[in-house]
Amino acid sequence: MIFETSTRGRSLLIGTAGRLGVFATITFAALAAGAQPHELSGKEVVDAVCASCHAMGTKGAPRIGDEKAWAKRASRGLSSLTDSALKGIRGMPAHGGNRNLTDLEIKRGIAYMVNQSGGKWVEPINRKFPPADRTGEQVVKAQCIKCHQAGSGGAPRIGDREAWIPRLKEGLDVTVRSAIKGHGGMPARGGLADLTDTELRGAILYLFRGPQAK
Ligand code: HEC
Ligand code: HEC
């Protein structure tokens, strides 16, 4: 199996082969001068590195999706889990066996696995290099549209003011807070863990106004 994911500043190539298990080669393209480092998302980290054990529960690894196995560990909190993932614990190699992963990427990988296993964690963002804010329109088209276009699961539709007005009657701040937490069919931060509060606010305004009014 060859798995490739390329991201803004670097590319990652993973090949798995052979009796010895998994060989992973990670090549990082030189970062363009001055470019902010691009850190992998939790999903990218897990697909590329952690899944080789955590997908099937190899060597006693808590399996992704095994809510019982993860709930117990998740109750210890992200710092404690990160600590053991960085150092390694029994069958779990330090850094998941990949030294190129930053601490932040490890944390995101953990949060992603916890979330795939019944948890509701938010993947941490890099506070030194906050991503440039995406506009409300960009966020909605990339993500919120998945449910808010067709109104899946009772999601108020884009530009359907009648549906949105009662949601906004307590004020925009209250609605933003509600979207941060998520409720019912609405996932926390609309399912985009790295969405900033500002981006979320812009997205909600776009959902309310719709594409016509700019
Ligand atoms: C070579 C197999 C392997 C790989 C690759 C691997 N893990 Fe693990 N992991 C394990 C095993 C086995 C355990 C169970 C250790 C134990 O508690 O005995 C574990 C446990 C964990 C735990 C729970 C630690 C605790 O304190 O309970 C976390 C968190 C974790 N892994 C994160 C990761 C992340 C993040 C990655 C990818 C970056 C990763 N693992 C990659 C095998 C692996
Ligand atoms: C997986 C489907 C899904 C996605 C993706 C999604 N939503 Fe929702 N959203 C819903 C559903 C369903 C509701 C209605 C939930 C309810 O009231 O029980 C909802 C409700 C909301 C509300 C109203 C909250 C309230 O307190 O009444 C806001 C605001 C919102 N979504 C914003 C967003 C934004 C912004 C995005 C994109 C970043 C997004 N949603 C992505 C399904 C989704």
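Predicted model: local features only at pLDDT ≥ 70, side-chain atom pairs only at ≥ 80, totals over all residues.
Residues are numbered from 1 along each chain as its sequence is written, and chains are lettered from A and ligands numbered from 1 in the order in which they are written.

**Confidence and overall fold**

- The mean pLDDT of the protein (the predictor's confidence in each residue, from 0 to 100) is 82, and 79% of the residues reach 70 or more.
- Over residues 1-35 pLDDT stays under 50, and the model has 45 contacts beyond four places in sequence for this stretch; two residues are in contact if their C-beta atoms, placed from the backbone, lie within 7 Å.
- The protein contains 8 helices and 3 strands, where helices (H or I, at least four residues) and strands (E, at least two) are DSSP runs numbered from the N terminus.
- From the N terminus on, the order of elements is β-β-β-α-α-α-α-α-α-α-α.
- Of the 214 residues, 28% are buried; a residue is buried if 20 or more other C-beta atoms lie within 10 Å of its own, exposed if 12 or fewer, and partly exposed in between, with C-beta atoms placed from the backbone.
- Among contacts between residues at least 6 apart in sequence, 59% join residues at least 24 apart.

**Shell around ligand 1**

- Ligand 1 has 26 residues around it, of which Cys50, Cys53, Gly91, Met92 and Gly96 come nearest; a residue is near a molecule if its C-beta atom, placed from the backbone, lies within 6 Å of it.
- At least two residues of this shell come from each of α1 (42-54), α3 (78-87) and α4 (103-115), and α1 gives the most, with 6 residues.
- By class, the shell around ligand 1 has 14 nonpolar, 9 polar and 3 charged residues; Ala, Val, Leu, Ile, Met, Phe, Trp, Tyr, Cys and Pro count as nonpolar, Asp, Glu, Lys and Arg as charged, and the others, Gly among them, as polar.

**Shell around ligand 2**

- Ligand 2 is surrounded by 27 residues, the closest being Cys144, Cys147, Gly184, Gly185 and Gly190.
- The elements giving two or more residues to this shell are α5 (136-148), α7 (172-181) and α8 (197-209); α5 gives the most, with 6 residues.
- The shell around ligand 2 comprises 13 nonpolar, 12 polar and 2 charged residues.

**Selected residues**

- His95, in the loop between α3 and α4, has a positive phi near 60° although it is a residue other than glycine.
- Arg189, in the loop between α7 and α8, is likewise not a glycine and has a positive phi of about 50°.
- Most residues other than glycine have a negative phi.
- His95 counts as partly exposed because it has 18 C-beta neighbours inside 10 Å, whereas Arg189 counts as buried because it has 21.
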